Amino acid sequence: MPHASELEEFGLEVEREHHSLLVPSDAGGGGAFSPSRRTNNNTQPLSLSTPSKEQRSLLQSANLRQSRVLRPGILKWATLVAALAIAVFLHLGKESEETSIVEEFLSDVEICEDDPDFTIMMKAEKNCATYVSHVAKGPSGEASCDVPIGIPDENDFQKLIKHFCRKSCGLCGTEDSEEGVDDAVIKAKVNEIKDEIEEKELEEKIEKEMEEQKMEEQVEKEIEKEMEDQEKELAQTEENNHSAEDSETRPKEDEQESEKVTAGEEIEQSDAAVDEKRPHSTASVDKKKGKPAQEEDDHSADDTGKENKLDEQSAVSVDEKEQQSTASVDEGGQQSTASADEEGGSDEEAAAKVDNDSDSKNDSKANKESTTNGKQQAFTGGTFTLQRLQDTRKAVKNLINKLEQYYNGKDQSKRMMLDAWLSPWNFDNPNGTALKRGNKLIDTMARALVTDDQSEFMIGTIGSSVAAGHDNCHYDSYESQLERTFGPVWEAAGMKLVCQNAGEGGGCGDDHKNQVYCIKQNVSPKVDIAHYTWTYFESPAHVDNEKLIARESLIRWTQMLPHQPPVHAFNTQFLPGHDEKGEFELSEHYAKYGYNAFYLKSGHANGGYDYETDSKNEIDHYAWGFVGDGYHNVTRYGINEANADRKESLGVVFRNWHPGPLAFEFLSDAFAYVYSKAMLVALNLVEEHMTMGQDPREIWASSKRKILLKKSLPEPKFCEPRYCVVDDAPGCLNYEKPTYGNWGARVEGPDDNLNPHKGEIQNWMVWHEESDFWTGVGKQDTAIFQDRDDKEICRHLDQCGGISATSPDNGMVVFRLPKMEVGLVAICGCCGKDIGEEMFLQNQHIEIKYNGVVLNRTKWDIFPTGKCVRLLEKFPTEGAATMTPTGHAYLSIKALEGLWKPVRISHVITL
């Protein structure tokens, strides 16, 4: 009879064992049964005490009906059927046909065995096996199992010996063979249930995807309609103001130039004040309250006063400028207020006034419609309120206006910062792939704004020393400048902009080929936009496709992250020619996912400066240490720098092959300009829903984002499908600094019970390369800051590292590997670009095991770059290496006798 614990595993209801009701009798005779009593005469009923009415009732409830008896070989299939039933129940969360089938099948299941508690005292205590085989014999010598135990139920049914001693009585297997229940039947039933489950899952998934696709199409249509409305409004505004622009009296050439400088200085001073208040990053902001936390002030009271005054000068709102410029036109050029016309009247300022008028009409469109119709009440729920939306719009428009003035008007700004990409951005009248690409970025902004529990907008950069900002102070890197330029917009939204700089120098030996595998650890897996800046290490596409493989893999893997960030690459050079068509193909192929790449020198060239004439006069703006890019001679935050050497340093375009502060400012501005344009459209869409009384979170909250699977993306063009067509990004354990995300593999504790090598010496040590304060900082800035109190702004974050063994005394290191989809396992060494060959492939003094099995080094190869070795291409398919008794796979590296040179593992890559 099955124990309670055995039955409960199958979810079956357990009754109290009936034998507990029986008590031994004191009557004399040949012996006493326990729990029943039997006389020596085999044909007579057993003499037992009479149960009470309550006992008889409970005994009846314990009577087990005749059922099919399972052969031992079928028990495993019954268990599998039970497991499938549980899986169906947990997956579907409701009663289903599959569940009913399995439960009906299991209701007939009993394990064939003797009752272990059934005993009889016949001179000595005997159990079922000994009693039936030696005592209970019938006339022909066979075991007599039809002897009643003497307790009839309320239907006068007598329990017999065979009901307690089924196995000893030879009843196992008889009913199976009669009913024809065999392994094939069980297998068929299992497969049938499995097919039904898969079919139901597929139906539900298709239905869900169709609903999400409809929602996505609806959002795209709304964005297209908004774009069309903006275009019409802009055209109408330009037409209305055309005559006014022509009638304005233009100042003389020298006055124009003077006013341009004045406007530029105002912007520069304003940004300088903001920059000086943020040594490294923007202030921490509470999204619910929308108030920045107390910021540290590194400057004197006099400097603070000057900064506040500059902030006040630049704080004229967009609405005030619109009113002032309108008044100026109406009064024939006579200024009645301190408007932008009072400062000059250049072509750029006139264009800015037209743009502001147009934007004002577009921005207030939803409010006007709501007021006119009069019956819709604006949505007021969520942390992103209508008031906060309006504050954010004012901040983003102010930034756009500043940048357009700084780069001499809207047209030049567009050519320099929107058109110098693989695929130009178009937020005014997009179509085709430009529409898809823009929609992805707009969607990214909208989701971050309306999601209540998102307090940070994160931009994560992986890249080389260019990304790190080497040969400059860290404060001058483009990521730091982007935080200070674009950060106030997010502060207005009650959030904080965080730019994670995971750039690193080339000394560690890394490049794009291995670092894209670490996107989930080098930066946060919750980044909203991913930047890629490894272009100096890439070979031209006509030489090999390695860069296209790395970029495409990164694009696909990022779409498996929670926020599905678009990937934006940065290149210091000019846009590629026709021989590099693969880059353009990637941009078009993944337009829907927002991929694009910016080219710095093309941006400069698009502005119209005559670099060709300068070149003929032997003036090279990209020469090492040259000051001035043709448009500006110092960064905005450097205009008021008192130290002449520092001010000159802030005007450098390129230090060597690394960009200087002025080039980084242009890069930062280009990103901020594109993102601000997208945010403006996102704000209009969100406002339209809010003013109609709709909750924008129902469309754009992060939880409403459609989950992408590997099959959701188009077929790859360059990357290897087995590695890039996956449902999750690779895992990575990276010992180099900095990292901001989650590790994949991890070192298992030597004494952990799950450690398969528990008890062996495990004493590898984490190591980081020694570096001083000024590592990576250029000589010019080192000389300037070495005695300054604010020198901390120069310190760089990157540092080589690994986990290391220097002798056999270190024993081994054991890594617990994360959940994997493919079974790829690779390790990288430190430090050097080709260290993998010497440190791993040719090193006979290390032993590497996977799940306790020594790996055959003849099957290892260099992958994905020279410092790394691939140990497994995919999961093992045979032998002990396939066994994972603890549910985890383990990788161990052991230092053997004779090891004399350090082994340093910088990365463990898994997929």
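Is W624 buried or exposed? W624 is exposed, because its relative accessible area is 60%. (Buried means under 20% relative accessible area, exposed over 50%, and partly exposed in between, with a 1.4 Å probe and protein chains only.)

## What you're looking at

This is a predicted model, where local features need pLDDT of at least 70, side-chain atom pairs count only at pLDDT 80 or more, and totals for chains, interfaces and linings use all residues. Residues are numbered from 1 along each chain as its sequence is written, and side-chain values use heavy atoms, with hydrogens and water left out.

The protein chain has 30 helices and 22 strands. Helices (H or I, at least four residues) and strands (E, at least two) are DSSP runs, numbered from the N terminus. Of the chain's 911 residues, 51% count as buried. Its accessible surface comes to about 42,100 Å², and 49% of that belongs to carbon and sulfur atoms; areas come from the Shrake-Rupley method with a 1.4 Å probe, and for residues only the protein chains shown count as cover. Among contacts (heavy atoms within 4.5 Å) with a separation of 6 or more, 79% are between residues 24 or more positions apart.

W624 sits in the loop between helix 24 (611–616) and helix 25 (644–649). Together with Y536 and W657, W624 makes a nonpolar surface patch of about 390 Å². Patches are made of residues with over 30% relative accessible area and no salt bridge, with like charges joined within 9 Å and nonpolar side chains (Val, Leu, Ile, Met, Phe, Trp, Tyr) within 5 Å.

F654 is in the loop between helix 25 and helix 26. F654 counts as buried because its relative accessibility is 3%. Leaving out residues up to four places away in sequence, F654 touches a list of residues that includes Y536, W624, F626 and P659. The C-alpha atoms of F654 and F664, ten residues apart along the chain, are 9.3 Å from each other.

## The nonpolar cores

A nonpolar core here is a set of buried Ala, Val, Leu, Ile, Met, Phe, Trp, Tyr and Cys residues joined through side-chain atoms within 4.5 Å. The largest one has 70 residues, and M445, F486 and W490 have the most contacts inside it. Helix 26 (residues 661–691) gives the largest share of this core, at 20 residues. Another core lies apart from it, with 46 residues, M458, I519, M560 and V567 among them.

Back to F486: setting aside neighbours within four places in sequence, F486 is in contact with L399, L497, A672, Y675, S676 and M679.

## Salt bridges

There are 31 salt bridges in the structure, each one a side-chain nitrogen of Lys or Arg within 4 Å of a carboxyl oxygen of Asp or Glu. One of them joins E687 and R393 (2.8 Å, N to O). That pair links distant parts of the chain, with E687 in helix 26 and R393 in helix 14 (residues 386–406), 294 residues apart. Both E687 and R393 are buried.

R636 and D669 also meet in a salt bridge (2.8 Å, N to O). E792 is partly exposed because its relative accessible area is 40%, and R795 is partly exposed because its relative accessibility is 36%. You'll also find a salt-bridge network linking E538, K547, R551, E580 and E583.

## Strands and sheets

Strands pair if DSSP finds at least two bridges between them. Strand 17 (residues 846–850) and strand 21 (residues 889–895) pair antiparallel over five bridges, and E847 has K894 of strand 21 as its bridge partner.

Strand 14 (residues 801–805) is mostly covered, with five of its five residues buried. G801, I803 and A805 point one way from strand 14, and G802 and S804 the other. Four bridges join strand 14 to strand 13 (residues 765–768), running antiparallel, with H768 opposite G801. Strand 14 also pairs antiparallel with strand 22 (residues 903–910) over three bridges, where I803 stands opposite I905.
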